[in-house]
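Please look at the chain below before reading on. The paragraphs that follow go through its fold, its surface and its pocket.

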Amino acid sequence: MKIERDERRFDFHDIGLAIKRAREASGMTQEQLAYIVDRAPRTIM
């Protein structure tokens, strides 16, 4: 069985920028957002 690689590339920069803007607009820190979404703060960075 041959497994083919998915060669599509995803650019998450725009999504990350939108999240950052919304987070900052609400006065939330990265640590607070990480707690809410149950992820490590490093993931939010």
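Which residues form a nonpolar patch on the surface? The model is a predicted one, and in it the patch consists of Phe-10, Phe-12, Ile-15 and Ile-19. Together these residues have about 460 Å² of accessible area. Ile-15 can be taken as an example from the patch. Ile-15 lies in helix H1, and its relative accessible area is 46%. Ile-15 therefore counts as partly exposed, because that class lies between the limit for buried, under 20%, and the limit for exposed, over 50%.

The chain contains 3 helices and 0 strands, and its pattern along the sequence reads α-α-α. The C-alpha trace spans about 50 × 20 × 10 Å along its principal axes. Of the 45 residues in the chain, 7% are buried. The accessible surface of the chain is about 4600 Å², and carbon and sulfur atoms account for 54% of that surface.

Next comes the largest pocket. How much volume does the largest pocket have? The value is about 150 Å³. Its lining is made up of Gly-16, Ile-19, Lys-20, Arg-23, Gln-30, Leu-33, Ile-44 and Met-45. Two helices, H1 (13-25) and H2 (30-36), each supply at least two residues of the lining. Helix H1 gives the most, with 4 residues. Sorted by class, the lining holds 4 nonpolar, 2 polar and 2 charged residues.

The last stop is the loop between H2 and helix H3 (41-44), where Asp-38 is found. What is the phi of Asp-38? The angle is near 60 degrees, a positive value in a residue other than glycine. Most residues other than glycine have a negative phi. Is Asp-38 buried or exposed? Asp-38 has a relative accessibility of 62% and so counts as exposed, because the limit for that class is over 50%.

To go over the main points again, the chain has 3 helices and 0 strands. Asp-38, with its positive phi, sits in the loop between H2 and H3.

Technical notes:
Residues are numbered from 1 along each chain as its sequence is written. This is a predicted model: local features need pLDDT of at least 70, side-chain atom pairs count only at pLDDT 80 or more; totals for chains, interfaces and linings use all residues. Side-chain values use heavy atoms; hydrogens and water are left out. On a 1 Å grid over the protein atoms alone, a cavity is a set of points where a 1.4 Å probe fits but cannot get out, and a pocket is an open set with protein on both sides within 12 Å along at least five of seven lines; lining residues have an atom within 4 Å of a point. Grid points are joined across faces, edges and corners, and a volume is the space filled by probe spheres set on the points. Ala, Val, Leu, Ile, Met, Phe, Trp, Tyr, Cys and Pro count as nonpolar, Asp, Glu, Lys and Arg as charged, and the others, Gly among them, as polar. Patches are made of residues with over 30% relative accessible area and no salt bridge: like charges are joined within 9 Å, nonpolar side chains (Val, Leu, Ile, Met, Phe, Trp, Tyr) within 5 Å. Accessible areas come from the Shrake-Rupley method with a 1.4 Å probe; for residues, only the protein chains shown count as cover. A salt bridge is a side-chain nitrogen of Lys or Arg within 4 Å of a carboxyl oxygen of Asp or Glu. Buried means under 20% relative accessible area, exposed over 50%, partly exposed in between (1.4 Å probe, protein chains only).
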